[in-house]
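Open the model in your viewer and keep the selection tool at hand. The stops below cover charged pairs and then nonpolar cores.

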Amino acid sequence: MKRTFKKNLPGRGPNALWIVMVIVGLGIAYLFWYNSVNKNIETINFSKLIHAIDDNKVESVVIQGQHVQGKYKGGKYFETFVVPIQALWDSLRAHNVEIDVFPIEKDTWGSFFFFFAFIAFAGMLVFYLRQNQGGGGAGGGGKIFNVGKSKAKFFSPNQITVTFKDVAGNEEAKEDVKDIVDFLKSPEKFERLGAKIPRGVLLTGAPGNGKTLLAKAVAGEASCPFFSISGSDFVEVFVGVGASRVRDLFAQARRHTPCIIFIDEIDAVGRQRGIGLGGGNDEREQTLNQLLAEMDGFSTEKGAVIVIAATNRPDVLDKALLRPGRFDRIVEVPFPDTKAREQILLVHSKSTKLDSDVNLAKIARGTPGFSGADLENLINEAALLGSKRNHESVTMEFFELARDKIMLGGERRTLMFTEKEKRMTAYHEAGHTMLNILQPETDPFHKVTIVPRGRALGVSWSLPEGDVHSQTKEQMLANIVKCYGGMLAETLFFNTKTTGCSNDIEKATKIARAMVSRYGMSDLGPITFETGQEHPYLGRDIQSSREFSERTAQSIDEEVTKIANTCYAKGTRLIEENREKLVLLAERLIERETLQAHEVYELLGMEPRESHSFHPNPLS
C-alpha cells in the first residue's frame with residue numbers, strides 16, 4: 001500500500017517575501033523619483049550667479065544658509081553655494097529678485113536614509129515573524145499567537161531511511177514492533193480475523209539502548225508519515241497550552257493516516273496524577289488527561305494513528321496510560337548481550353578504518369554492560385586516539401585505551417605523588433588484586449594500575465566472563481572480601497587506614513545490606529525488608545514506608561555487621577597467607593605503574609583465568 005503524502009506547513013508561504021519586496025520596491029521608486037526631480041536643476045558657481053543677477057535674468061531665489069536655489073526668468077532652475085555678503089543682498093534688491101529665506105536644517109539625505117533604514121528594518125522584522133510562524137514543527141509553534149499548536153516535527157516517508165537493518169541486536173523488541181509494520185502495510189491481513197492492531201506501543205529500557213532508533217525503523221519499514229515530539233514540548237507556562245498541543249498533534253496525524261506519532265520521554269507528561277507536591281490540578285495533568293482522551297476516549301475517531309512512546313521510567317507512568325486500548329504493548333529494550341554487542345560494533349564501525357588485528361567479537365566479550373550508545377562512543381574514542389597519534393588505522397590497543405577512559409575516566413598523569421603516597425596506593429591496589437585472584441567466585445581479574453583515573457588514585461579492575469544476569473550468595477560474599485583488600489593491605493603493611501578506603505567500605509556495606517534486606521541471604525530468613533522511599537521529582541511520595549519494627553531494624557543491622565566481619569576476617573587470613581606474593585606484586589606495580597592480567601599471573605606463578613584484555617598475549 002503506497003500513498004503520496006504532501007507536507008503542509010501552515011504559516012509558511014510567499015506572503016512575507018512579497019511584503020519585503022514591496023517595501024524595497026517603494027524605496028527604489030522613491031530614489032528614482034528624487035533623482036528625476038533634481039535632474040533638471042543646473043548647478044552654477046557663485047560668479048555666474050552674480051552675472052545672472054546683474055543681467056536681470058534671475059526671477060527668484062530661495063536661500064537656506066549657504067545653499068541657494070533659484071529660478072531663471074526663462075523657467076529653468078539652478079542651484080549654487082554662496083557666502084552671504086551684503087553686496088549680494090543689495091544686488092538682489094536692486095534687480096527686484098523675489099527672495100525666500102529658510103532656517104538651516106539637518107541634511108535631507110540623512111533624513112531620507114534614516115527613513116529608508118527604518119522601512120528596511122520593518123520589512124525584515126515582518127519577514128522574521130512570518131518565518132517564525134511555522135518554526136518548531138508541523139504545527140507552527142514558534143509564534144505567540146500559535147502557542148497552542150503542536151511542536152511535533154513531521155517526516156514524510158521518503159525522509160526516513162532507517163530500517164530494521166540499521167537496528168543491530170534487540171531481536172525480541174524488533175519482533176514485537178513488526179506487527180505494527182505488517183498492519184500498516186497490509187491491514188486486511190489482520191482485519192479478516194477480527195484482530196486489532198495495538199493503538200500504542202511503549203518502549204522502555206535504559207538510556208542509549210536504541211528506543212528512538214527502533215521507533216524510526218518502524219516508520220521507515222512501514223513507509224508512512226512520522227510525527228516526532230518530546231514529552232516536554234507539550235508543557236508551557238500558559239494554562240491549557242499542553243492540552244491544545246495534544247489536540248493539534250492528533251488532528252494533524254489523522255489528516256495523514258496511516259501514520260505514527262513518536263513521543264520521546266513521555267514520563268515528562270505521563271506521570272501519575274495527584275501525587276505531586278503542588279496538588280493534582282496542574283497543567284501537566286490537564287495535558288495527560290487530553291492525551292488519554294485522544295488515545296482512547298469516548299469520541300475517539302477510528303484511524304490508523306499509532307502512538308509509539310519511549311521512557312526509561314515506566315514505573316512512574318499513570319496506570320490509565322498503560323491500560324489496554326492506549327498503550328497495549330510494553331516492549332523492553334534491554335542492554336545488548338554479547339552477540340548483539342558484536343552486531344552493534346559492526347554497524348557503527350562501517351565508516352571507521354580498522355586495523356587487521358581488530359577483533360570485534362573479543363571487544364564485544366570485553367564490554368559487558370555497555371549500551372548501544374556506549375559502544376558507538378567506544379569506537380569514536382578509539383578513532384580519536386588513533387587520529388591524535390597519526391596512525392593509519394584503529395588498532396586493538398586504542399580500543400583498550402578507549403574502554404579504560406570510558407569506564408574509569410581519563411588518566412591524570414600530571415597529579416604528583418609523594419613516594420609514600422605512591423607506595424601506599426600500590427599496596428592498596430595489590431591487596432584488592434590478590435583477593436580478586438585468590439577467590440574463584442569473583443569476576444576474572446583484568447588489570448591493575450596506580451595511574452590516577454577520574455577521582456581514583458588507582459584501580460584494580462575485573463570483568464565478568466560473560467553477560468551477568470544474577471549472582472549467587474558465594475559471589476556476593478567474595479566481592480565483599482575483595483572490597484576489604486585495600487584496607488587490609490594498608491593495615492598489615494603500614495599499620496594505618498586512609499580515607500581512600502571509604503568507597504570500598506560503602507560498596508561492601510551496600511552488598512551486605514542487600515543480602516539481608518532484599519535477597520533473604522541471612523539468618524533472618526527469606527524475608528524482604530525493603531523501604532519504599534523515593535524522591536518527589538521521580539513521582540513518588542516523599543514519605544518512606546518501612547514495614548518492620550525497630551527490633552527488626554536492629555536485627556538487620558546485626559546481620560549486616562556479622563556478614564561484614566566474617567568477610568573481613570576471611571580477607572585478613574588470605575592476605576597473611578599470601579603476604580610474599582602481595583609484596584612482590586606491589587613492588588612490581590611501583591616500578592611499572594600498570595600491569596595487565598597475564599603479567600600478574602606470570603609474576604605470581606598462578607594459573608590464569610579468562611582475560612578480556614585487548615592486548616595480544618598468549619594467556620588470553
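Start by selecting Glu381, which counts as buried at 16% relative accessibility. Bear in mind while looking that this is a predicted model.

The side chains of Lys405 and Glu381 form a salt bridge, with N to O at 3.6 Å. Lys405 lies in helix α14 (residues 396–408) and Glu381 in helix α13 (residues 372–388), so the pair ties together parts that are 24 residues apart in sequence.

Now select Asp523 and Lys562. Their closest N and O atoms are 2.6 Å apart, and the two residues form a salt bridge. Asp523 sits in the loop between α18 and α19, while Lys562 is in helix α19; the pair links distant parts of the chain, 39 residues apart. Asp523 counts as exposed at 60% relative accessibility, and Lys562 is partly exposed with a relative accessible area of 43%.

Move to Glu599 and Arg592. This is another salt bridge, with the closest N and O atoms 2.8 Å apart. Glu599 is partly exposed at a relative accessible area of 24%, and Arg592 counts as partly exposed too, at 39%.

Hide the charged side chains and turn to the nonpolar ones. Which residues have the most contacts inside the largest nonpolar core? They are Ile480, Leu585, Val600 and Leu604, in a core of 44 residues. To see where the core draws its residues from, colour the elements that give two or more: α15 (419–437), β12 (445–449), α16 (473–483), α17 (485–494), α18 (502–517), α19 (550–577), α20 (579–592) and α21 (597–604). Of these, α19 gives the most, with 8 residues.

Centre the view on Val600 and show its surroundings. Leaving aside neighbours within four places in sequence, Val600 is in contact with Thr433, Ile437, Phe445, Val448, Leu585 and Leu595.

For the last stop, select Ile180, Leu184, Ala217 and Ile306. They are among the 29 residues of a second, separate core.

Terms used
Residues are numbered from 1 along each chain as its sequence is written. This is a predicted model: local features need pLDDT of at least 70, side-chain atom pairs count only at pLDDT 80 or more; totals for chains, interfaces and linings use all residues. Side-chain values use heavy atoms; hydrogens and water are left out. A nonpolar core is a set of buried Ala, Val, Leu, Ile, Met, Phe, Trp, Tyr and Cys residues joined through side-chain atoms within 4.5 Å. Buried means under 20% relative accessible area, exposed over 50%, partly exposed in between (1.4 Å probe, protein chains only). Helices (H or I, at least four residues) and strands (E, at least two) are DSSP runs, numbered from the N terminus. Contact means heavy atoms within 4.5 Å. A salt bridge is a side-chain nitrogen of Lys or Arg within 4 Å of a carboxyl oxygen of Asp or Glu.
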